[in-house]
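Keep the structure open and follow along.

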Amino acid sequence: MKDRLPAGFMRGVYAGLVPAYELLGRTADAEAARGRSGRLLADYWGNPRDGLRFGPPRLVQPAPGVYVAQGHDFSDFGFILTDDGIVAVDAASTPGTVEGALRELRKITDLPITHVVLTHGHWDHIGGLSALAGDDAEVIAQKNFPDEVRMQHTAPPPFPYLLPDEHDHRLHVEPDRLVAEPEKLTIGGVDIELLPIAGGETHDGLIVNLPGKGVVFTGDMSMPYLGAPFFSEGSAEGLFEAMRLVIDLNPDLLIHGHTGLTLNFTIEAFPGLLAALEDLHETVLGAIADGLTLAEILQLNHLPVVLREHPAAITPYLATRDNFIQRVHRQNTGYWHARGDGVDVFTPEEWAAALDLLGGGTDEAFVNAVTELVRGNDLALALRLADAGLLRHPAAGELKKLRARILEGLLERHQMLNPFKFAYYAGLADLHLTAVE
């Protein structure tokens, strides 16, 4: 029965077992269950040392001769078995996470790794390259890969939990070969097509098509953030072009760079999702031209009519919508926005001082306002106000307790559809979430 449930549901099961064990006097069992319990139902686990993972570590086989490491790292990475050796697709965040997956792979084959194909240059897909690419392995990437890596060197670091502690997002990787045009390779009897794309998440995307197996590795071209949210990148038009390319390949299975994408952004969902996002794109551009603010565009909660005919596209569309809107808005407006947003910029300390003045200089005013916002389930605004209050009143115990409750609620809210927000709030909460067993 346990194996039929999503792994995260077991946290709730263990929470229920705690009082049962206590009633029976089984103190040790109660403590063990308490350590494995929780209110979060997603399969996520993470801590500062390991970063964020989307499920328990495992090596899955979605097609003959194709293996995917899931839960070993923030990202997924694959292995294509050929008669001559192994072609790895991507290289995770750190050498240590790659080594964990390799130990599982070596129970299946001892073939050498002859090639490593990097679908794009983000740190969570190239950071463990040294554990894969020995002296004889050829590393292949798209021609824009060096530019993408250089861009990351000037960008701020990702949120805590997205990259494990003591690891830097500014990596130095030099591929052996850069792909500028579509290429067809045959390695150990397996046909592999390398297809450069210039859109979606990054401008250095490289799709790996296995026509004989009906499998396409898409990397992160469909990442619902349309580029990592802390980088200046992503292209709606490029995403649409890449999706059309993948649809035309007519594969049976898409393998994305993250488990949740593989489960939800399926080839069956692509036609409807493409139509819905094109509709959203037109809506956002029209709203910008009409002078709507970003907040007002988000509050439209736009649902394209085409989704009625494509139910498989609903979940990926909802996971993408708000991030897509923010990216398109940022790329099509200046630093002064409609109705004065951005004309003047204030630090958090300045806002906190103004709010404190309005509240009469007491922490009680902040507590009352935050409590009311929590009661109305406006958790994100409540967190912002609590943080402002703690800047002015750092010893306010009741405000600290409210903040902890708010973060717990935000983690629960975003655990299914927004892993980057989950990671952000996990960092603020200093969450230590063990893997579900």
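Start with one definition: a residue is buried when its relative accessible area is under 20%, exposed when it is over 50%, and partly exposed in between. Asp430 shows how this works. Its relative accessibility is 48%, so Asp430 counts as partly exposed. Asp430 is found in the segment after H15. Its backbone also deserves a look: Asp430 has a positive phi of about 55°, although it is not a glycine. The model is a predicted one, and every value here is computed from it.

Asn377 gives a second case of this kind. Asn377 is not a glycine, yet its phi is positive, at about 65°. Asn377 sits in the loop between H12 and helix H13 (379-392). Asn377 has 47% relative accessibility, so it counts as partly exposed.

Now go inside. Rolling a probe the size of a water molecule over the atoms shows where empty space is left. How many cavities of 30 Å³ or more does a search of the whole structure find? The search finds 5.

Take the largest cavity. Its volume is about 70 Å³. Which strands each supply at least two residues of its lining? They are strand E5 (77-81), strand E13 (215-219) and strand E14 (253-256). Among the lining residues are Phe77, Gly78, Phe217, Gly219, Ile255 and His256. Val68, Asp76, Val89, Asp90, Thr119 and Gly257 also line the largest cavity. By class, the lining has 5 nonpolar, 5 polar and 2 charged residues.

The second largest cavity has a volume of about 50 Å³. Its lining divides into 6 nonpolar, 1 polar and 3 charged residues. The lining includes Phe74, His122, Trp123, Met223, Phe230 and Phe420. Asp124, Glu201 and Asp220 line the second largest cavity too.

Stay with Asp220. Its place is in the loop between E13 and helix H6 (236-249). Is Asp220 buried or exposed? Asp220 has 3% relative accessibility, so it counts as buried. For a sense of distance, compare Asp220 with Ala133. The two are 87 residues apart in sequence, and their C-alpha atoms are 21 Å apart in space.

Leu303, Ile314, Leu318, Met416 and Leu417 make a nonpolar surface patch of about 450 Å². Met416 lies in the loop between helix H14 (397-414) and helix H15 (419-429). Met416 has a relative accessible area of 54%, so it is exposed.

Pro348 has its place in helix H11. Glu408 is 60 residues from Pro348 along the chain, and 22 Å separate the C-alpha atoms of the pair.

Next come the charged pairs. A search of the whole structure finds 13 salt bridges. Begin with Arg150 and Asp147. The closest N and O atoms of this salt bridge are 2.3 Å apart. Both residues lie in helix H5 (residues 145-153), 3 residues apart, about one turn of the helix. Asp147 has 36% relative accessibility, so it counts as partly exposed.

Arg339 and Glu296 meet through their side chains in a salt bridge, 2.4 Å from N to O. Arg339 is in the loop between helix H10 (314-331) and helix H11 (348-358), while Glu296 is in helix H9 (residues 294-298), 43 residues apart. Arg339 has a relative accessible area of 62%, so it is exposed. Glu296 has 25% relative accessibility, so it counts as partly exposed.

Arg375 counts as exposed because its relative accessibility is 61%. Glu372 has 49%, so it counts as partly exposed. Elsewhere, salt bridges that share partners join Glu138, Arg177 and Glu183 into one network.

Terms used
Residues numbered from 1 in each chain as written. Predicted model: local features only at pLDDT ≥ 70, side-chain atom pairs only at ≥ 80, totals over all residues. Heavy atoms only, no water. 1 Å grid on protein atoms, 1.4 Å probe; cavity = no way out; pocket = protein on both sides within 12 Å on 5 of 7 lines; lining within 4 Å. Points joined across faces, edges and corners; volume = space filled by probe spheres on them. Helix = DSSP H or I, 4+ residues; strand = E, 2+ residues; numbered from the N terminus. Nonpolar A, V, L, I, M, F, W, Y, C, P; charged D, E, K, R; others polar. Patch = residues over 30% accessible without salt bridge, like charges linked within 9 Å, V, L, I, M, F, W, Y side chains within 5 Å. Areas by Shrake-Rupley, 256 points an atom, 1.4 Å probe, with all protein chains shown as cover. Salt bridge = Lys/Arg side-chain N within 4 Å of Asp/Glu carboxyl O. Buried < 20%, exposed > 50% of the residue type's maximum accessible area, 1.4 Å probe, protein only.
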